Amino acid sequence: TPLPVVAVTTTAGTGTEADPFTVITKEETGEKVGFGIDGTFPVLSIVDPDLMRSVPSRLTAYQGFDALFHSTEGYIARCANVMSDLYALKAIELIGAYLPRAVRDGGDEEARAMVALANTLSGMVESLSSCISEHSLEHALSGRHPDLPHGAGLIMVSLQYYETFLGHAEERYIAMARALGYRDADKAADFLEALRRLQVECGVEKLRMSDYGIERNELPELARHAKETMGGLFALDPRELSLPEIIGILEKSYC
């Protein structure tokens, strides 16, 4: 039984002040696996955006996208529900509106506060719904290449990942696009455009796996590693992904 956890969050990315989850890395094998039980849920959380004002611009962006994907994944997960949907759409809306401001000016108090709120809401989405296999893929990347920041890895695979499910959650994709600020969205692909715009606004649209030592010939093994270490999240995807599709997401994302 763990000692009671008191969380004082100094970043806006993991949302763990509002969920029980941890990540454990076994460095010898590159296994990076999520874990959580009732006893790891914080008994007290303090969210003070002033503690986040010194986070560098690039890390602010990476962390903000991690929070975003906690909500987008949770929103299209098979276990999504009425309560998680409420928190997810509000978090997506806040990140779309305020993350670019926080990236441009870390001292923007309103932007920091709203991104911090979005992060906490995204943690609630994690508690009520779940991440899906986007996180499994990224954990395989950064588990084997620990210099890769988690949020950066998620950004790298995100466009190809979400494109894979076009046609399987259309109304939810439209709702996410509108929440991100694409007010006239009327088709699922508009979410991809909204996501692409947000990446450009935050200056993270040119991230490259190769800059972190990932080689193209590794990708099939990384895909298999994702299934072996965090395969449970694949079961919550909008539809089942085959191994060739998973490899394809990584290969199309590679540069």
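Seven aromatic pairs are present in the structure, a pair being two rings of Phe, Tyr or Trp (its six-membered ring) with centres within 6.5 Å, classed as stacked for planes under 30 degrees apart, edge-to-face for over 60 and tilted for the rest. One of these pairs is formed by F65 and F69, which is tilted, with 5.9 Å from centre to centre and 40° between the planes. The structure is a predicted model, in which local features need pLDDT of at least 70 and side-chain atom pairs count only at pLDDT 80 or more, while totals for chains, interfaces and linings use all residues. Residues are numbered from 1 along each chain as its sequence is written, and side-chain values use heavy atoms, with hydrogens and water left out.

F65 and F69 both belong to helix α1 (residues 57-76), where they are four residues apart, about one turn of the helix; helices (H or I, at least four residues) and strands (E, at least two) are DSSP runs numbered from the N terminus. Both residues, F65 and F69, are buried, a term that denotes under 20% relative accessible area, against over 50% for exposed and values in between for partly exposed (1.4 Å probe, protein chains only). The rings of F69 and Y162 are stacked, because their centres are 5.9 Å apart and their planes lie at 25°. This pair links distant parts of the chain, with F69 in helix α1 and Y162 in helix α5 (residues 150-164), 93 residues apart. F69 and Y162 are both buried. One aromatic cluster is formed by F65, F69, Y161, Y162, F165, Y173 and F191.

Charged groups also sit over aromatic rings, as judged by NZ of Lys or CZ of Arg within 6 Å of the ring centre and within 35 degrees of the ring normal. R172 lies over the face of Y75 at 4.4 Å from the ring centre, and the charged end of R197 is placed over the ring of Y182, 4.6 Å from its centre.

Strands β2 (residues 21-26) and β3 (residues 31-36) pair in the antiparallel sense over six bridges, where pairing requires that DSSP find at least two bridges between the strands. F21 stands opposite G36 in β3. Four residues lie between the strands of this hairpin, in which G30 takes a positive phi near 70°.

In strand β1 lies V6, which is partly exposed, with a relative accessible area of 49%.
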